Amino acid sequence: MTTAKTPTLLPQTELYERLCRLFHENRLPSSLLFAGKKGVGKWAVANLLARTITCQNPADNFCGECASCRQADSFCHPDIYYLVPLPKEKKEKDKEEDWFDKRLITYLQKKASGPFSDASEDVTSFITIDNIRKFQSNLSRHPSLSKFKVGIIYEAERMLPATMDSLLKTLEEPPRDSFLIVCTDQPRFLLATIRSRLQRVSFPALESKFVELYLQQNFEIPEKEIGVVTRFAAGALYNVEQLVEKAFFDARETAFDLLTNAVTMPASDLVVKCSGNVALENREKVERLLIHWQSMLRDLMVINALPLQTGIDPSQALVNFDYADRYLEHRERFASLQRVEQQIEKLEQVRSELRRNVNPKMAAISFLVGLNQPGSPPKA
Ligand SMILES: [Zn+2]
């Protein structure tokens with residue numbers, strides 16, 4: 001079905017092709033739930049499917065050339081509607097007629113530049129009853145360019161209770177010639193009555209091959225870093241922009257140094273060393289270190305599980321596979337890290353402390369000192 005005109009790099013091709021087949025065989029359910037964790041391609045597939053459904057050249061999945069495909073490309077298709085979380089109007093003048101459209105365009109543009117990442121402006125962005133009313137009135141119109149209309153609801157878990165009630169009515173009496181695609185990474189937040197009226201499509205993790213190619217095509221980073229980011233991403237490209245930044249790799253170095261210090265230095269020296277460390281000066285930086293400590297502690301679980309005289313190459317199983325030699329160099333010290341699983345749990349505690357505005361440096365120091373407390377074998 002796919003033609004040479006189809007862009008070569010599409011996520012979840014198998015799943016997408018399956019949906020296309022159902023559509024061409026007139027068996028595609030009109031109300032779909034795209035469920036899967038953040039960054040696995042729900043947005044991309046929803047848009048590809050919308051294109052397939054509206055394309056004026058039905059021989060292909062989508063032709064990429066007809067008026068419908070061109071308008072879908074620039075998010076201005078008259079028969080494709082979006083319902084996404086938007087920030088609350090702050091002032092009276094925000095209630096102007098085009099307020100909704102302007103914010104929606106901003107959201108769509110953000111999604112266009114980072115299809116795997118969040119586009120909500122902040123945590124106070126919700127899908128309100130006003131938002132869904134406009135969406136519903138659009139969906140109830142006759143299609144103007146294509147044979148069908150498509151409504152895409154994204155980050156559906158951000159629907160307010162009244163919005164969900166309103167959506168339920170649409171699901172009970174779906175508008176003619178229309179398809180509805182509801183996307184969320186938190187299906188449990190939707191009303192059970194909504195979930196039961198949607199045909200669930202579960203999104204698996206992205207294949208590492210796709211992640212690698214995506215990184216190669218979209219970012220200028222060295223091959224070795226592509227390998228590391230691919231393992232970090234673990235099949236989801238959510239916020240991948242942050243993973244490819246230099247700051248991410250710098251923080252990884254710092255995280256490893258501090259981890260090594262924590263198992264080699266007396267606590268008092270460690271505290272002195274950390275006190276002046278700029279990498280611990282704010283919450284954002286410490287949160288970044290936590291991500292690395294988590295992956296490193298998982299790596300150490302792998303290393304610790306290996307028999308001492310082993311010919312096995314541990315790098316295959318490590319996230320930070322390029323650190324394999326460095327882990328092994330400090331292997332005995334790291335082996336003294338008791339109960340690595342518990343240390344990983346402690347990272348969760350530090351995370352929640354940070355959310356409660358605990359001093360980030362103090363939280364990080366206390367975690368590091370705790371790594372080498374009594375209970376561990378005595379230092380050499
Ligand atoms: Zn077309």
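## How α12 and α17 cross

Let's start with a pair of helices: α12 and α17 cross in a right-handed way. (A crossing is right-handed if the near helix is turned clockwise from the far one by less than a right angle, and left-handed if anticlockwise.) This is a predicted model, where local features need pLDDT of at least 70, side-chain atom pairs count only at pLDDT 80 or more, and totals for chains, interfaces and linings use all residues. Residue numbers start from 1 along each chain as its sequence is written.

Helix α12 covers residues 267-275 and helix α17 covers residues 360-370; their axes lie 10 Å apart and the packing angle is about 155 degrees. That makes α12 roughly antiparallel to α17. (Over 145 degrees counts as roughly antiparallel, under 35 as roughly parallel, 65 to 115 as roughly perpendicular, and the rest as oblique.) Axes here are lines fitted to C-alpha atoms, for helices over the stretch in contact, and angles run from 0 to 180 degrees between N-to-C directions. Helices (H or I, at least four residues) and strands (E, at least two) are DSSP runs, numbered from the N terminus.

On the α12 side you'll find A267, L270, V271 and C274, which meet A364, I365, L368 and V369 of α17. (Contact means C-beta atoms, placed from the backbone, within 7 Å.) By class, this contact has eight nonpolar residues, with no polar and no charged ones. (Ala, Val, Leu, Ile, Met, Phe, Trp, Tyr, Cys and Pro count as nonpolar, Asp, Glu, Lys and Arg as charged, and the others, Gly among them, as polar.)

## α16 against α17

Helix α17 also packs with helix α16 (residues 340-355): the axes come within 10 Å and cross at roughly 165 degrees. That makes α16 roughly antiparallel to α17. K346, V350, E353 and L354 of α16 make the contact with P360, A363, F367 and G370 of α17. Sorted by class, that gives five nonpolar, one polar and two charged residues. The crossing of α16 and α17 is right-handed.

## α8 and α9

Next come helix α8 (residues 208-218) and helix α9 (residues 223-233), with axes that come within 9 Å and cross at roughly 130 degrees. The two are therefore oblique to each other. From α8, the contact takes in S208, V211, E212, L215 and Q216; from α9, I226, V229, T230 and A233. The class count here is five nonpolar, three polar and one charged.

## The sheet

Now for the strands: five of them form an open sheet with parallel pairing, in the order β2-β3-β4-β1-β5. (Two strands pair if DSSP finds at least two bridges between them.) At the edges sit β2 (80-83) and β5 (199-202), each pairing on one side only. On average, and ignoring direction, neighbouring strands are turned by 20 degrees against each other.

Strands β3 (residues 149-153) and β4 (residues 178-184) run parallel and are joined by five bridges. V150 has F179 in β4 as its bridge partner. Helix α2 (residues 42-54) lies across β1 (31-35), β2, β3 and β4, and runs at about 175 degrees to β4.

## Domains

Stepping back, the protein divides into domain 1 (13-204) and domain 2 (245-370), with bounds from an automatic or database domain assignment. Taken over C-alpha atoms, the centres of domain 1 and domain 2 are 41 Å apart.

Notes
Contact = placed C-beta atoms within 7 Å.
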